[in-house]
Amino acid sequence: MTEACSASFSTKDKPPEKIELMDTKKLSLPQANKTSEWKIIDDDISLAVRNIVKGKDPEKELKSMELTVYEYLADFYGQEEQKPYKEKPGKEGPVTKTLRKRKKDTAREFREAVREGGVTSS
């Protein structure tokens, strides 16, 4: 059975520092129901983390751990290709939006004019 890493980080005495995130690509990981594959990943990463945590500087250890886990998963499963951005069909452009607003305003003005008796509807 693997040992759990017990590390506690407290920000009670000082405000938390700004976290810098790595710019990474999305990984092609196995499905959640593939327990045998996830068991292998768990064992390999647990071993790597135990080797990293032996140092004294927690920030360096955390950065190193993050990089090690990402590189391991990227090498083992690869990275997904980023899909090109497609404009959503439901979104309307600024011209269409302006035309819809004008149409709505004109209809409202017409209804008000009919109510006041200035215009008769045919």
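1. Is Asp105 buried, partly exposed or exposed? Asp105 is partly exposed, because its relative accessible area is 22% and the cut-off for buried is under 20%. Keep in mind that this is a predicted model.

2. Overall layout. The protein chain has 3 helices and 0 strands. Along the sequence the pattern reads α-α-α. Buried residues account for 10% of the 122 residues. The protein chain exposes about 11600 Å². Carbon and sulfur atoms supply 54% of that area. Among contacts in the protein chain with a separation of 6 or more, 66% join residues 24 or more positions apart.

3. The core. The largest nonpolar core has 8 residues: Leu27, Ile41, Ile45, Val49, Tyr70, Tyr72, Leu73 and Ala74. The largest share, 4 residues, comes from α2. In soluble globular proteins, nonpolar side chains tend to be buried together.

4. Aromatic residues. The structure holds 2 aromatic pairs. Tyr72 and Phe76 form a stacked pair, because their ring centres are 5.6 Å apart and their planes meet at 20°; stacking requires planes under 30 degrees apart. These two residues are 4 residues apart in helix α2, so about one helical turn separates them. Phe76 and Tyr77 make an edge-to-face pair, with 4.7 Å centre to centre and 70° between the planes. Tyr72, Phe76 and Tyr77 therefore belong to one aromatic cluster, given that rings pair if their centres lie within 6.5 Å. Tyr72 is also listed in the core. Phe76 is partly exposed, at 44% relative accessible area.

5. Salt bridge in α1. The whole structure contains 3 salt bridges. One of them joins the side chains of Asp43 and Lys39, at 3.2 Å from N to O. Asp43 and Lys39 lie 4 residues apart in helix α1, so they are separated by about one helical turn. Both partners are partly exposed: Asp43 has 31% relative accessibility, and Lys39 has 46%.

6. Side chains of opposite charge can pair when their charged atoms come close. Asp105 pairs with Lys101, the closest N and O atoms being 3.5 Å apart. Asp105 also pairs with Arg108, with the closest N and O atoms 2.8 Å apart. Lys101, Asp105 and Arg108 are thus linked in a network of salt bridges, since a bridge needs a side-chain nitrogen of Lys or Arg within 4 Å of a carboxyl oxygen of Asp or Glu. Lys101 and Asp105 are 4 residues apart in helix α3, about one helical turn. Arg108 and Asp105 are 3 residues apart in that helix, again about one helical turn. Lys101 is exposed at 53% relative accessibility, and Arg108 is partly exposed at 38%.

7. Geometry of α3. What span should helix α3 have, at 1.5 Å a residue? Its 23 residues, 94–116, should span 33 Å. The end C-alpha atoms are 33 Å apart, which agrees. Gly117 follows α3, and its phi is positive, near 90°.

Definitions and conventions. Residues numbered from 1 in each chain as written. Predicted model: local features only at pLDDT ≥ 70, side-chain atom pairs only at ≥ 80, totals over all residues. Heavy atoms only, no water. Core = buried A, V, L, I, M, F, W, Y, C linked by side-chain atoms within 4.5 Å. Buried < 20%, exposed > 50% of the residue type's maximum accessible area, 1.4 Å probe, protein only. Expected span 1.5 Å × (residues − 1). Phe/Tyr/Trp six-rings, centres within 6.5 Å; stacked < 30°, edge-to-face > 60°. Contact = heavy atoms within 4.5 Å. Areas by Shrake-Rupley, 256 points an atom, 1.4 Å probe, with all protein chains shown as cover.
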